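Here are a few notes from my look through the model, in numbered points. Have the structure open while you read.

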Amino acid sequence: MSALLTVVLGLGVPGLLPALAVGRRSPVVILLAPVIGAVFAALAAGLELGIAGSLIDWYLLIALLANLAVIAWWVAARDSRPAPVLAAPRSWFPEWGWYVVTVAALLGALAVPLIALRSHMIGWDSNSIWLTHALMISGGHHELLTSLKNHTYTFSNPDYPPLVPASGALAFKFFGMGSLLIAVDTTVFLTACALGLAGAGIAAAASDASPLPRAIAIATGAAVCIAGFAVANKYGIDGHADLLWAAAATAAIVWGLILPRSTQALAVSWICAIAASLTKNEGLATALIVLVLISVRYRPLSLSRSGWRADSVNGRTSSVSGRAGSHFSRGPARAGWWREWAERAAFVLVPAVPGLAWAGLMHLIGIHDVFFRSSSGQSMTGRATATIDGMAGQLKIVPVALFMLVAGCLVLRRYRERAGFANPAWLWVAWLGSLAVIFATYVVGSYPIHWWLLTSVSRTTIFAQVLVYADIGIWLVLAIAGASGRDIGPAREAANAAAEAGAATRPGPAAEADAATRPGPAADPSESPHPSGPGGPGDATAPTATPPARRL
């Protein structure tokens, strides 16, 4: 109960306003708030180590500043016109009811594996790494710094990021150290929240579909949550951090590299990527890969440096060598090119700063990864062969996912594109990139490869398995929605926007009769519309209708 209160009150309440700013009226808010609070705790641990002070002081300061920033943003934006939001197709079930059903389904699915917390299990890593680090952080700046640099604690991987131990140390600050299990249970509850975010993303894939596909999407998201705990086995409920970073990275991919592009989806994916990068080193590597892909997806690459650029006048992409009489020049094109790349870099660096800052701090104080301190003495070929065999034995679900990928691309490719979902290649590039990093770590690391694989490969492949289950779930949702015969996503929004625009500009019967009887000015041939005149089809400055923003 103390761990649950830590997650709900100690982490969830400080993260509630930022979660509301990101999720708005979405089921994701309840699950996102504790994750944001855990990120605050990790940042506080970094400041405690890098500057001075205590965890609780930095945590309260960060939470206060973040909440004040959200309030200031709300106050500044209160007079601005909110973006129009399209409601889901009218049905007998109200929209708020779907939110309740989504939250209930996800929490219900997550509650099933959490029953195992009654067994009070503590894994090896939970004890030797995460509890040890939590006690270091609880001791303040001096104890944390001296303990991390103490060679006695080299076995505990002192360079690991601080999100898990900082959350546990925060639980100790709130409820004391009468039971160390409170830190373990806090980690498990955070893991459940991260898995719930991935499940909420899958449920959001059909948030504007008809009732049946929407209900199936919610059930699929809940099933993926259960599958995540099933894949992790005991490592999901004994305080290990592997499922936590894997679930956070999966949620970042679902929201940032699968769902239709939106500000909300981007913000959720960034927060999840930050959480993954602050959980474990492989989480940081995977998060960087995911952030690069999100950056390229949201700011697509141009064809060439001088051939294409952002139009500085109206925001459209234009060709410098386009129609005659264009006012574009090489100077503005070069400036637009640099601006585009600056935006892409910001999309990666801004959410990557916390994880990279911790890694830089570890390097600054002389703490390095224990996996690469010496040579193993084994041949690279032998290590690579053993790694391939060991990882392949954990990825038995991959052939099913590849079958779904091929079948989905053959049958649902056009529907997926019309619905605004990303190409599945984004997900698989992230999947391969993460596995490549883990594979390279095994090959060039210093531990004996067979012992290393025996003790860790079932944990290092959790992310690859959970992401595959999420991809299967997305294809299932798209198949059901496509079979229902109703467009979802931007395709439906564009059709509704066009219908609304036509209804708004179409005069009523009274206006038509009044126009027929009202004498008008004599026609002037010089004012007749021309295909290339103002407002005509050839006018590049003619305003175009933009579909309303989509709420996920």
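1. Start with how α2 passes α3: this is a right-handed crossing, and remember that we're looking at a predicted model. The two helices, α2 at residues 16–23 and α3 at residues 28–50, have axes that come within 8 Å and cross at roughly 130 degrees.

2. Who does the touching here? On the α2 side you'll find Leu16, Pro18, Ala19, Leu20, Val22 and Gly23, and they meet Val28, Val29, Leu32, Ala33, Ile36 and Phe40 of α3. Sorted by class, this contact has 11 nonpolar residues, one polar and no charged ones.

3. Next, have a look at Pro113, which sits in helix α5 (residues 95–114). Is Pro113 buried or exposed? Its relative accessible area is 16%, and the cut-off for buried is under 20%, so Pro113 counts as buried. Setting aside neighbours within four places in sequence, Pro113 is in contact with Phe229 and Ile237. Pro113 and Ile237 are 124 residues apart in sequence, yet their C-alpha atoms are 7.9 Å apart in space.

4. Finally, Ala203 belongs to helix α9 (residues 181–204). With a relative accessibility of 7%, Ala203 is buried as well. Again leaving out neighbours within four places in sequence, the contacts of Ala203 are Thr102, Ala217 and Ile218. Pro213 is 10 residues from Ala203 along the chain, with 9.7 Å between their C-alpha atoms.

Notes
Residues are numbered from 1 along each chain as its sequence is written. This is a predicted model: local features need pLDDT of at least 70, side-chain atom pairs count only at pLDDT 80 or more; totals for chains, interfaces and linings use all residues. Side-chain values use heavy atoms; hydrogens and water are left out. Axes are lines fitted to C-alpha atoms, for helices over the stretch in contact, and angles run from 0 to 180 degrees between N-to-C directions. Helices (H or I, at least four residues) and strands (E, at least two) are DSSP runs, numbered from the N terminus. A crossing is left-handed if the near helix is turned anticlockwise from the far one by less than a right angle, and right-handed if clockwise. Contact means heavy atoms within 4.5 Å. Ala, Val, Leu, Ile, Met, Phe, Trp, Tyr, Cys and Pro count as nonpolar, Asp, Glu, Lys and Arg as charged, and the others, Gly among them, as polar. Buried means under 20% relative accessible area, exposed over 50%, partly exposed in between (1.4 Å probe, protein chains only).
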